[in-house]
Structures are given as C-alpha cells and as structure tokens.
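This report covers helix packing and salt bridges. Keep the model open while reading.

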Amino acid sequence: MKYNLNVRDYVVSNDEQEEREMLHQEAAADLAEDIKNCNTESFDYRTVKTTIPDSVPLKSNPKWHKRSFGAVNTVEQCGSMAFVSKLFLDEFGFPYITMDSIIKEIVNKHYRLWKLENLDKVLVFPKASVDGIKSAFPNNERIQTCNSLDEIYSITGEPVGIGGSMYFMDNLICSICEQNNMPITPYKDTRIREVDHIIDCLESQCPVPLRVENSVYYDDPHYRGGHFVTLYGIDRGKAIVVDSNINSHAGINTLPISQLFDAMIANPDLVCAWDTASLLS
C-alpha cells in the first residue's frame, strides 16, 4: 500500500498537550534511568546491527544551504528531524516520499519551533508576521502598538530557531501504522524506555532514531544544543550512527556506545528514542 504523508498537526488542545508532555517525560525518565544503570562494558564483545543505507541525506547538500525552514534558519542549520525522517521512510519502504515533502510537512503542520529572542513563548506558525505575533501575545501592549516586524523585533529581539519538534516522529510512526490498520498510541507506544528495547529493535533490523546533546556527542563543551541521529548498530562497544550533520564517511559516525548514551541523557528534558519496530507488528 502506498503511504501518503499526512502527519497530524502539532497544534492540539491544552489537555492533549499536557498529556503528551507527561507521556514524553515518563518515557524520558525511564530511558535515562535505564541508561544510567546500564553496564556499557557488556557491549565490548557484542555486535548487533542493521544494514547501513546506501544513500544518506546530508545537510551539506547545496539544496539546503539557503532553503528556509519555517520562520527562521535554514534546513541545513536546523533540519535534522527532516533528515532522520527521510532515513526512516526510506528504510520502511517509502523512498518515493521526498525530502522536499517532508520539510513542507514539518513546517506546514507546525512542528518547526521558534521563539523571539527576548521572550520565552514557543511559536509554531510557519512564517513570521505582524498579525501572527500580535495574536500570540495579545496582552503585550507594546507589541500590540507595532505596525511592522522591525518595530516588533526592536522590542522582542529577532526570531531564534529552536528546531523540529520531537513529536513529529511519534506522529509519523502513528500515521503509517494507522494507514496499515495497526493503530498505536503516540508518545507511549512510539517511545523506547529501556536499553534492551534498543537492542531488540536493532536485532529486528529496525534502526533507532534518537536525540543527542551536541556538547557530549561531539565531545565539545562549546557546541550548544542538540540534534537527531539514527542508531544502526553496536559493534564491540562502538555505536554506529547515521548522522546527516557529518560530511565525512558518507554520514556514518562511529563513537563509543558510552558516549552516545551520555549524549542521549545529557538534557533530561529531551531524552527520546523511537520504537520503529512497531511497524512490524
């Protein structure tokens, strides 16, 4: 059956937002705790891996240098969720879904997150506009008097990119399962909560998308933020990761599994790894 890309919108009711945040935090806490208790030396003599893809979408591709990604930044700068999603779709038999369509889906369905430099509120509309910002801050009298974006930015600071929401992958998995008459619960059935589950996915030939904190992943305390990568295997203590941020070795990165695990849990609020094996049920 041909899959038509149609992920549920990021914007949900306040009650549903609270519920998915709760489910995310529960899964994040469980996975972080299991990683902390994991004896990584047990992987020193173990190999479990899936087949590395023939083609990896790299952020260095000239297509992404100036391609805007929602209201601020470019795909090259902040598009790791799009790249991970493309790998995922290719892996499960949907190579006809293009990067272009994935990027548009992330942006138009409001998964591209950003903010104004001096304000904390997360914004999701695809393009910055005077009316849009005014509607987002109805009680800010100074913003309400502005007639141009320049006037607004003089008060709020410039737009700052946050990245792609982690919830896009949850709803992408659910969308495919639903079309295949295998409905699952997003943020609950789509998340991995323990290290053994990661191994189970790899043994089932299912790569594992996950988030890493850059400072630990790149071993550089000055590298801020994080991004999404895909784990394709563990080979005698080394993690085999497909990473669209890396230009060398066709996007294949190898690092100690202990370093990868530390990078996964460095930001306790953003720990996430996805169970792609649910598509095999």
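Helix axes are lines fitted to C-alpha atoms over the stretch in contact, and angles run from 0 to 180 degrees between N-to-C directions. The model is predicted: local features need pLDDT of at least 70, side-chain atom pairs pLDDT 80 or more, while totals for chains, interfaces and linings use all residues. Residues are numbered from 1 along each chain, and side-chain values use heavy atoms, without hydrogens and water.

**Helix packing**

Helices are DSSP runs of H or I, at least four residues, and strands are E runs of at least two, numbered from the N terminus. H3 (residues 80–91) packs on H8 (residues 167–179) at about 25 degrees, with axes 11 Å apart. That makes the two roughly parallel (angles under 35 degrees). Contacts (heavy atoms within 4.5 Å) include Phe 88 of H3 and Leu 172 of H8.

**Salt bridges**

The structure holds 11 salt bridges, each a side-chain nitrogen of Lys or Arg within 4 Å of a carboxyl oxygen of Asp or Glu.

| Pair | N–O distance |
|---|---|
| Glu 203 – Arg 46 | 3.3 Å |
| Arg 67 – Asp 100 | 3.0 Å |
| Asp 90 – Lys 86 | 3.0 Å |

Glu 203 in H9 and Arg 46 in the loop between H1 and strand S1 (47–49) are 157 residues apart. Asp 90 and Lys 86 both lie in H3, four residues apart. Lys 86 is buried at 11% relative accessible area, whereas Asp 90 is partly exposed at 28%. Buried means under 20%, exposed over 50%, partly exposed in between, with a 1.4 Å probe and protein chains only. Lys 49, Asp 235 and Arg 236 form a network of salt bridges.

Note on methods
Parallel < 35°, antiparallel > 145°, perpendicular 65-115°, else oblique.
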